[in-house]
Structure formats: structure tokens, C-alpha cells
Amino acid sequence: MTDVRLESGVSVRRTSFVTVRRESCVSVRRASRVVAVALLGVLVSGHVGSPDVFFTGKAGQYDIRVTIRPPEVVPGIARVTVRAPAGVQSVSIRPVFWRAGSKGSPSADETRRLEGQSAQGGGTFEGSLWLMARGAYSVDVIVSGTQGTANVLVPVASVATGRLAMSPALGVVLAILGFLLFAGLVNIVYKGAGESLLAASDTLDPVRRRRARRVGAIAVPILALILVGGARWWDSVDRDYEQTMYRPSPLRLELRGSTLHVQASDTVWQPGSRPSALVADHGKLMHLFLIRSDDARAFAHLHPLPADSSPIPAFQTTLPRLPAGQYHVFGDIVHETGFERTLVGSLAISEPSTPSTPSRPSTPRAESREPRADPDDAWFVGDASRERTMKLADGSVMQLEVASADAIEAKAEETLRITVRETNGKPARLEKYLGMYAHGVVARLDGSVYVHLHPMGTVTQAAQDAFRARDRGDTTAAGRLILAHEQHAAPAPAAMPSDSSAAPSSIEFPYSFPRSGSYRLFVQVKRNGRVLTGAFAITVAEAR
Amino acid sequence: MESVVPRRTTPKYATRALVEEAPSRSVPFSWHAPTVVFGAVCVMIGVYWDISWHMSIGRDSFWTPAHLLIQAGGLIAGLTSGYVALRTTFGSDPRARDAGVTFWGFRAPLGAWVCIWGCLAMVTSAPFDNWWHDAYGLDVRIISPPHSVLALGIGAIGVGALLLSLAWQNRGGEHQRRAMWLLLVAGAMLLMDRWIMLTEYSSKNLQHGGAFYRLSMLAYPMAVVMMAKASKMKWAATITTGIFTAFVLILMWLIQILPATPKLGPIYQPITHMVGMAFPVLIIVPALGVDLVMQRVQLRPVFLAPILSAVFLALFIAVQWPFASFLMTESARNWFFNAENFVYWMSPSGVEWSRSFQETDGLGPHLANAWGTGALSAYLGLWFGHWMSKVRR
């Protein structure tokens, strides 16, 4: 771990596996005029190392799938792809900033329908829009077709996450032009002090020539100083930019006995000067995930409880008995602005005082009933399946299907389809766990990529609700979300009741792995009141 | 047999003498200076339009009319200057060669070289700025290194226009008056350039504060005094500032006619038409004072500059201070005075901020500083003006 001082002056502890590479970023910047194009800094807000936003859901009567590839710099252009069913004739998009709401958004731009689509409408629509400010945005996707016009808001965090180094070719071109400009300016000064003052018939006498040369010579260091000043200015802009690049805020973690104390340790990324309160997502103010960093053989999905009533409270929970080791810790929170972010930390767990059961499958907290813990906490200890099927704790079988028949490639849009079957092979009836039929977590083994998936994609319901509430005007005079106050005043509610009326056995997660490497996919479902976790080892190949 | 050598009608050396005696025919490429001044005017209109575009619409590309006008103005000045340089270097017109300076083996008037330099700087700024947007985001800060290179290029086009007009004016001749007017137009464009550079520090609610007067005294006296010194017109400073004021006002009134809606968000102001820049500062009054002083007081620059600064500052405060008070009133909230030219992203708190004077520590503590800054600025104006009055090529 390293200590890092952020722009607010708050000294925070940054875990080593979150490789922001500040020093290398600066050094590369200095050499940027001559090095290859490389994108630096891959960390994003709502998740870690997984910038793209995926949404599957309804816009009115239309089932659509939206992919947003946010810019790496702000202001910048977000690329939006919308897949729509037959009957959809046009799709328009516009950016909605949290503070201004839909009424403060520009008029929507129609997206371009890709060629070769069906005459009945539908297909893939592509467009782009500008994200001008940093903070919580949502993309308003307006769909028009045979069933009228409807819209849906897809939240996206607008933060600067990368910076482009300069290509050698551009560096050389600019260096040549810069040299020409410098030399030209010196010569202009020299000519201005001498030859330009001559009458038509005059020639430059030695005295005048010497004087002009003297003026030209004086101009050289002055212009050089201006040039150095410009370079220092550039350095300072780069430094400022680098400091304001988004990086996951650190979690302050402290384990006292079996009680884990959790604190978001800074307000650096808070919009404005005041802290923006948290809102509950699926009834919880924080979703905390622990993944053992050595081998990912242990996984826990916990919901620390707020220990105070401040806008961003301290949390605590009782840690389940997990095998000893170093753990990557990811805490998902949503602010009342609709800004989603993942806090990151690292936790060392020593040998438990009581023997753990390493092979014990996912266990709902209700079975162990420890103090200061949420009943919806669940964890899993065991090996991930290297096949596409895994036997769950209750004997049922979870099957993973991926749309692409061959190896999964980085940056390719995938549909991760999960099917649970009973021991007799019949489709199992799933129950809702935390308001969803399945929760997925994708993590790269080195901890550099982490994302919390739902069937609706990478977005959170809470962020969507926050934008809708603001558009309805559910805010106080000070601009605070009324919903947030209500949620915050009440203790975090338990899991939503199961809805067995349309219980599915298959769930789909839309996702695109950001880069190649070894990943784990943890999928949590609920059957017969028991949370079951499947774990899959996935190898992602380089994008072709 | 004795060969017959045709007798010269005039001695060889007489060519130059005749040229100087007949100045109406001694102006080679007489279209060049007006064309370059036209280019400079195009650039400044483009700059104004572009700023208004960013205030009203937001979203832009390389191909917006404002950008094209800026690039066109730069290209007009740069390419015509390049043409003049090639024709002068490789042509056989001795008048053209005599009106030029040698530059890396080529020959053209100094103003042409400055225009070519400015055009090159503008060209350089394009890929630099494009990379900058990709690296740090679109115009996170208006004053950035690539924008500074562009501003230098634009400034150079204005200086080039000034030098070409100057050389023509200083050489004299039948069309000297035309050159004098061109010079004043070019000077007005330079003044406008300075006014735009000070925009962020010149909000109406800052005009009772010391910083506004300090910065104004740094920027304006130099340009105004320089024009008064370099021009052969009697009321050069007043006319130059008059052209500047009229030009900016016409742009301000006209641009508000064009319909526009923001294409970027968040939007806090319901904009339906282009938003013009603020009402120009009233430097025409202190410029009149500068003209009067320079016509009546003959002193060395080091003594004259403090007097000019004092006169400039006193008259500037006398008119701008009450005018700023007026701009804060309801009576100024209309298209004519354009006091509430809010950009689309101006939040309600920003509106409140703009309606109350900032920097309320008073002007008193800043007066001496503003006067000293103005004296330095005026001295530089006298120095440059003196040099400019001697430029002949």
C-alpha cells in the first residue's frame, strides 16, 4: 500500500492492487511527445476497471439494450448503442445532468440506425453525446415506434479516467513547427529592428546591422523564457488534471475481533462542497464484497449497517468466518445525486479462532445469526468451476452459457446466461434476492477489474430512481432528494419479498470484459429461502 | 563602325528618385494591406462569433461557421502574404523588392512575414488543440497552451495587418490617407483582441474592483497610446477606440438576432437566440484624453507616460464606474445594453453572483497600482509607437 495525498489534501491509503500509476503517468507525460499512444488510468467510478455501462430493460413497451461507452476525459463524447426490437422506428438520446434534470437537458439527437436492419424497424442504433460536467449523468433514451414513444434513463458516471499520450509522429510534427515558429519570431524581431526601418533606397549599414543583431540576440533568451514558461504551464495543467482524475476512493477497514468497521475515508469526489448523502440500492446503503486475493476461493457479499446518521455514515458488520488471507474489498454505494461509485480496500484476515468450514457453500446470514449483521449477507468458500456448470449447495446445478461459442474476447459484448436446474434436471424456480433474481460479480484475479452485475446490467436501480425522483421534483428546497432522507432515516430494510408469480430459472447478464486475463464470475441466486452461489473461472482472450 | 548605344532617358540612379517622387505608383501589391486587414477583421468576427457560439449553443466542431471564418481570415492573410513573398522574391519588380526585407533568402514586407508566421501558428495550434481535447477534455479551460498558440497566431495576423498599413502610411504617397485608415482599423482589431482576453476579468460586477482597473490599465493604454503615436491622424486614439466600440456594438446587436438553442447540457438558462458578449468598455473617453495630451504635451516618454496614465485612469473611472452601476440596474437588462447576457450553463447562484458587485474592498488601495501599471503600459505604447512610426517596409 502507498499513502497518497489527494487534491483535497486528505491523505489516504491506496491499495497496491489498484494501480493508478501516478508516478508512471507523470513520467510518461514528460516523454509523451515521443512515445506511442497509450491510455493511462483505467479506473472508473461505479466499478473498477470496467468503464462501459450496460442496461437491459424496458422503455415503455419496448425491450431495449443500451451500451454506453463513456469518455475517458471530461468534457468528452460518450458513444451510445441501443438495440431495439422490431417496431422501433427511431431512437433519440440526450444527456441529463443530475443537478439540472431533464428540463435542463439539451434537445435529443436522433441516433443512426445501422444499415442492413429489418424493414420492420428495430435493430441497432448508434449515437454519441457530450458529457460536459463531472458527476452523475443519465442518458435519456427516447424510443419511438409502433407502440408510441417512451423513454428510459440510464445512469452513467461522468469522470475523467484516462489521458492520451502524444504519438511520436505528432510530437515530431509539432516540434518541427515549434522550431520554425521560434526561429521565425527571432528573425522577425531582427528584421523589425533593422531592415524594416530602411527607406526604399537605403541599405543596412554596419551600425544598424549590429544594433539589429543585438535586439535579435536579446529576443532569444526572452522568447526561450516564454517557451519554458509555457512548458511549465503545460506541466502544471497536466499535474492538475492527473490529480482530478477519478480513482476509486479508499475504504478504511478495521477488523476488531469479528466486527468489521468500514468507513468511506474521504469526500474528495463529492459533488460540491457538501457531502451528498447515500441512498439505498436494493434496500442496502452499502454492498460490500470480499474476494480472497490469492486464489479467489472465498467470496462474501455483505451489507454493513450504518453506525451513525451522518450523510455518509460509518458502517460495521460482523465478518463471517472466512479462510485466512488477504482480501480485495469492494464497497458499492450510490449517492443521492445518482452517482454510483465503488470504494476499494484491502483486508488481511488471520486464522479464525474457531475452525472454519472452507468447503461450506454459500450460507445465508440467517443461519449463523451473528450480532450486528444483515440477514441478507451471504458468502461462499470453495473452488470455482472451470467448466460451464457448477453444482450448488442444495444439489441443484448452475449452468453458464455465453453467447459467443468460442473463447470470450475482451471488449466483445456478451450475454452471460445463467440457468439453474434441479437435481432431476427440471428448471429451478428462483426467488428474488435483494430485489433481483440474480446478482453477479465479475472480478479479475489481480483485483484490477470489478463489476457488480444485475439482469438489468451494470447500472443500479437506486441511481435510476434518484434521477426519476429529481425529475418529479421530489427534492427539498436545498436540492436534497426527499427519497434519500426517507431512506436514510430508516434502518436498511431487509430483502424485498420474493415474487414467485413469474419466477424464472434463467437469468441473463449483459456485459463486456474490458481486457484479457483470468476472471471469476460469482453468481448469487436464491431458492427455498437460501442464497446459493455459483463460481466460474473464466479466461478472456485478447480482442482480435 | 561606332555602335549606337541608346541613351538612357534618366540616369540609372534616378529610378529610385522617380519612385519616391511618384508615390502613387510606388506601392507594389497595393491590394495586399487591405486584404490582410480584411482577413484580420474576418478573424475577429469569427472569434466573437465563436465565443457567442460557446455561450449559446455549446456544441461545436471544426466546421462551425465561426471556426471557418477564423481559419479563412488566417488563410487570406497567410496565403496572400506567401504569394507576395514569392512574387517579390522571384519577380523583377524593383519597387516590390525595395519595399521588402530579406527573410531566409526570400523577400517581402515585414508585415507579410508576420502574417505568414501567424498563419503557421494557427495551423500548428489545430493538431495541438485536437490532441489537447483528447488528452484533457474539450476546452476545460479556455486559456490553454494550444489556445495560446492560436491566440498568438491571431494576434500576429492583426500585427501583420498593422505593419503593412504602417509601412504604406510611413512611405507616404497619394493613397497615404487610405493607409492611415487601414492602420486604425487594424489597431481597432488589436484593441478588440485585448478586450476579449480580459473578458473573464471584466464582468460588470467586477467593474468596481481594483483588479479590473489594474488589468485594464495594463492592456489598454499601451494599445491606445501606440496608435496615437504611430498614426499620422490627429485623433488616432479616439478614432481607433471608436471603430473598436462601434464594431463590437454592431456585432453584439446583430448576433442577438440569430436564433440558437443550447446543444449541450446542463442548461440553466432558457436561451432562444445567440448570446452576445458584454457591452464594450468605454475606453473611447480616455482615448480622447490621450489624444488631447499627446497633441499638447511634448515631453520625453519617461515623463509623458505617467501623465498619460493618470489622464487615462481618471477618465476611465469617471465613465466606467457609473456605467457599471447602470449596467446593474433593470434599465440595462435589454438587447441594447445586453447586461444579462447569461450563458446557457449559468446556474441560479451564478445569476445571483452576477447581480452584485464583487471585490467590495473599494478602489482606493488599487489606484496607485493601477496608475503605475498604466504608466508602464503607456511607456511601452510610446516606445512601440515610436518604432512603428519608422517602419517603412
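This is a predicted model: local features need pLDDT of at least 70, side-chain atom pairs count only at pLDDT 80 or more; totals for chains, interfaces and linings use all residues.

1. Chain B has 13 helices and 2 strands. Its C-alpha atoms fill a box of roughly 100 × 50 × 35 Å along the principal axes.

2. Helices α6 and α7 of chain B. Helix α6(B), residues 145–171, and helix α7(B), residues 176–197, have axes that come within 8 Å and cross at roughly 160°. Angles over 145 degrees count as roughly antiparallel, and α6(B) and α7(B) are therefore roughly antiparallel to each other. Their crossing is left-handed. On the α6(B) side the contact includes Gly155(B), Gly158(B), Ala161(B), Leu162(B) and Trp168(B), and on the α7(B) side it includes Ala179(B), Leu183(B), Ala186(B), Gly187(B) and Leu190(B). The residues of this contact divide into 11 nonpolar, 6 polar and 2 charged.

3. Helices α7 and α8 of chain B. Helix α7(B) also packs with helix α8(B), residues 210–230, at an angle of about 175° and with the axes 10 Å apart. The pair α7(B) and α8(B) is therefore roughly antiparallel. From α7(B), the contributing residues include Leu184(B), Leu191(B), Arg194(B) and Trp195(B); from α8(B), they include Leu218(B), Tyr220(B), Met222(B), Met226(B) and Ala230(B). By class, the contact of α7(B) with α8(B) has 14 nonpolar, 1 polar and 1 charged residues. Leu183(B), Gly187(B) and Leu190(B) of α7(B) take part in the contact with α8(B), and Leu183(B), Gly187(B) and Leu190(B) are also listed for the contact with α6(B).

4. A helix pair between the chains. Trp234(A), Val237(A), Asp238(A) and Tyr241(A) in α3(A) meet Phe128(B), Trp131(B), Trp132(B), Ala135(B) and Tyr136(B) in α5(B). The class count for the contact of α3(A) with α5(B) is 8 nonpolar, no polar and 1 charged.

5. The four-stranded sheet of chain A. An open sheet of 4 strands has the order β8-β7-β11-β12 in chain A, with antiparallel pairing. Its edge strands are β8(A), residues 109–110, and β12(A), residues 148–158, each of which pairs on one side only. Strand β7(A), residues 88–97, is joined to β8(A) by 2 bridges, and Ile93(A) has Asp109(A) in β8(A) as its bridge partner. Helix α5(A), residues 461–472, lies across β7(A), β11(A) and β12(A), running at about 115° to β12(A).

6. The five-stranded sheet of chain A. Another open sheet in chain A has 5 strands in the order β4-β5-β6-β10-β9, and the pairing is antiparallel. The edges are β4(A), residues 53–59, and β9(A), residues 112–113. Strands β9(A) and β10(A), the latter spanning residues 123–131, pair over 2 bridges. Arg113(A) stands opposite Phe125(A) in β10(A).

7. The hairpin of β14 and β15 in chain A. Strand β14(A), residues 251–256, and strand β15(A), residues 259–264, run antiparallel and are joined by 6 bridges. Arg256(A) stands opposite Thr259(A) in β15(A). The hairpin has 2 residues between the strands, and Gly257(A) takes a positive phi near 65° in it.

8. Backbone points to check. Where are the cis peptide bonds to look at? One joins Val74(A) and Pro75(A), with omega about 0°; Pro75(A) is found in the loop between β5(A) and β6(A). The peptide bond from Gly265(B) to Pro266(B) is also cis, with omega near 5°, and Pro266(B) is found in the loop between α9(B) and α10(B). His282(A) is not a glycine, yet has a positive phi of about 55°. The place of His282(A) is in the loop between β16(A), residues 278–279, and β17(A), residues 287–292.

Methods:
Residues are numbered from 1 along each chain as its sequence is written. Chains are lettered from A and ligands numbered from 1 in the order in which they are written. Side-chain values use heavy atoms; hydrogens and water are left out. Axes are lines fitted to C-alpha atoms, for helices over the stretch in contact, and angles run from 0 to 180 degrees between N-to-C directions. Angles under 35 degrees count as roughly parallel, over 145 as roughly antiparallel, 65 to 115 as roughly perpendicular and the rest as oblique. A crossing is left-handed if the near helix is turned anticlockwise from the far one by less than a right angle, and right-handed if clockwise. Contact means heavy atoms within 4.5 Å. Ala, Val, Leu, Ile, Met, Phe, Trp, Tyr, Cys and Pro count as nonpolar, Asp, Glu, Lys and Arg as charged, and the others, Gly among them, as polar. Two strands pair if DSSP finds at least two bridges between them.
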